[in-house]
Amino acid sequence: HHLFTYAAKGFPVMKRYTKLYLAIALLFITGFLFNSISANSVQGSIVQLSVEDAIGPATGDYIKRSLEAATESNAELVIIQMDTPGGLDSAMREIIKNIASSTVPIATYVAPTGARAASAGTYILFASHIAAMAPGTNLGAATPVKIGGISPPAPAKREKDKSDKDDQAAGDESKDTMQKKLINDAVAYIRSLAELHGRNQEWAEKAVRESASLPASEALKLNVIDIVATSTVDLLKQIDGREVSIHGQKRTLNTSGLPLIQIEPDWRSRLLSVITNPNIAYILMIIGIYGLIFELANPGAIFPGTIGAICLLLALYAFQLLPINYAGMLLILLRIALMVAEAFEPSFGVLGIGGVIAFVIGSIILIDTEAPGFGIDISVIITFAFTSALIFIFVIGMAFKARRRPVVSGLEEMLGGTAIVINDFDDKGTVTIHSEKWQAVSNVPLHKDQQVKVIDVKGLILQVEPLGSSTQENES
């Protein structure tokens, strides 16, 4: 602001602040050069990524864009330091596709001590060009769980004389068949990844079928991993000169003396990580719905509608990345409809109770996966269930009831009000109402001090009639 003010006063004043302008310009140039150096410093270096949570859409986006940056800058190696309980099948497969298509060798390193590469992490470890673990870490337990909407098919129709026991047995058999299909698909997938890099296929299958796990030392003995390293520095020393296969071509790694560049998740990856957390996405959805309802109940408030629209759009974006059960979503929307109906037409709590039940059930089944880290906490559901019930039954109910009350101010309040005639008149004259004088018109002659009723307001002129005239006409 001051710079533009000084500029408006003319060049002589600006000349006095030449040093200030130069300092600002220097900051911009320094920032530009710093960004250029940071971008170029990746070239010919080793890039390290960090995965320390459940594998989801944000993890896939972070690894994909980091691998693209490493490829563009001709990095020598990418290290993915991993500590994960597992995650979504869709995100895991996307990461593996990016690893398989990368022209830069990738080493997945389970670290630090106490870390694990369970479930989806095991698949990623098998897919990497180099699989390494720190002492005191483990991998395995790769049996697939229910994934994004996959449910057992309905049992075939039986003849009417079949018993319920037979139908139950058929349903169990159908579920077993679906589970076998999931496991067989996962076994074929992990064996193909193990075969790709010459690792132990038999144990890979065991990790899926029996949920087997291994510590780092045993994994090395069984040829499940390639290296046990105490640190990243130790890992780089062990793989220096090692030969890996990239798209069928042999490549020798040269990691000696190369700088290690850490790429942290940027604002986009961090935002995606936050909103794709099922609890956060769920809260954003509820806030978004509340905001829009408050805006519709009080048109022109703007703030609730704006915040509500933003939250709802973020929630919808997050939900299209997450495995959603649409029956759960419909139950939540049904609950909103029942709560609004309760506010408009009180039903002694029947609609409200039904809405709470629909809300709780819908919230529980909303996220359609058993993958670790992707469930909605029951305490969040209960909190919002009771809070929502209170908001809709009391707050919104009171707001709509207040809108039904008679108007007590403004021109509209004059309708039906009683005025006093100041002077006799036949067509147009003056009356007083609320201690104010108003021009008035009447279809019948009126007399001084006569009480009249306001039946219409046209601009600054009142349409009046003798008080009680309508009642007398109806009686006659």
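Predicted model: local features only at pLDDT ≥ 70, side-chain atom pairs only at ≥ 80, totals over all residues.
Is His434 buried, partly exposed or exposed? His434 counts as partly exposed, because its relative accessibility is 48%, which falls between the 20% limit for buried and the 50% limit for exposed residues.

**First selection: His434 and Ser435**

Select His434, which lies in the loop between strand E13 (428-433) and strand E14 (436-442). The phi angle of His434 is near 55°, a positive value in a residue other than glycine. Ser435 counts as exposed, because its relative accessible area is 77%.

**The whole chain**

The chain holds 17 helices and 16 strands. Of its 476 residues, 41% count as buried. Consider next the contacts between residues at least 6 apart in sequence: 65% of them join residues at least 24 apart.

**Helices H12 and H13**

Select residues 278-297, which form helix H12, together with residues 303-321, which form helix H13. Two packed helices are described by the angle between their axes and the distance between the axes. Here the axes come within 7 Å and cross at roughly 145°. The crossing of H12 and H13 is left-handed.

To see where the two helices touch, display side chains on both. On the H12 side, the residues in contact include Ala281, Leu284, Met285, Ile289 and Phe294. On the H13 side, they include Phe303, Pro304, Leu312, Leu314 and Phe319. By class, this contact has 17 nonpolar, 4 polar and 1 charged residues.

Now keep H13 alone. This helix has 19 residues and reaches 28 Å from its first C-alpha to its last, close to the 27 Å expected at 1.5 Å a residue. Which residues of H13 are buried? They are Gly305, Gly308, Cys311, Leu312, Ala315, Ala318 and Phe319. These residues lie on the same side of H13, because they cover an arc of only 160° around the axis. An α-helix has 3.6 residues a turn, so residues three or four places apart point the same way.

**Helix H11**

Select residues 267-275, helix H11, and colour its buried residues: Ser269, Leu272 and Ile275. They are on the same side of H11, because the arc they cover around the axis is only 135°.

**Pro112**

Move to the loop between strand E3 (106-110) and strand E4 (116-118), where Pro112 is found. The peptide bond that leads from Ala111 to Pro112 is cis, with omega near 0°.

**Val224**

Select Val224, in the loop between helix H9 (216-221) and strand E8 (227-228). Val224 is buried, because its relative accessible area is 2%. Leaving aside neighbours within four places in sequence, Val224 is in contact with Phe126, Leu139, Arg199, Asn200, Trp203, Leu214 and Ala219. One of these, Trp203, is 21 residues away along the chain, and its C-alpha atom is separated from that of Val224 by 7.4 Å.

**Gly241**

The next stop is Gly241, in the loop between helix H10 (232-239) and strand E9 (243-246). Gly241 counts as partly exposed, because its relative accessibility is 47%. Apart from its neighbours within four places in sequence, Gly241 is in contact with Thr252 and Leu253. A distance drawn between the C-alpha atoms of Gly241 and Arg251, 10 residues apart along the chain, gives 9.4 Å.

**Asp456**

Finish at strand E15 (residues 451-458), which contains Asp456. Asp456 is partly exposed, because its relative accessible area is 29%. Which residues does Asp456 touch, not counting those up to four places away in sequence? They are Leu415, Ile461, Leu462 and Gln463. The C-alpha atoms of Asp456 and Val441, 15 residues apart along the chain, are separated by 10.0 Å.

Definitions and conventions. Residues numbered from 1 in each chain as written. Heavy atoms only, no water. Axes fitted to C-alpha atoms, helices over the stretch in contact; angles between N-to-C directions. Helix = DSSP H or I, 4+ residues; strand = E, 2+ residues; numbered from the N terminus. Left-handed = near helix turned anticlockwise from the far one by under 90°. Contact = heavy atoms within 4.5 Å. Nonpolar A, V, L, I, M, F, W, Y, C, P; charged D, E, K, R; others polar. Expected span 1.5 Å × (residues − 1). Buried < 20%, exposed > 50% of the residue type's maximum accessible area, 1.4 Å probe, protein only. Arc of directions from axis to C-beta.
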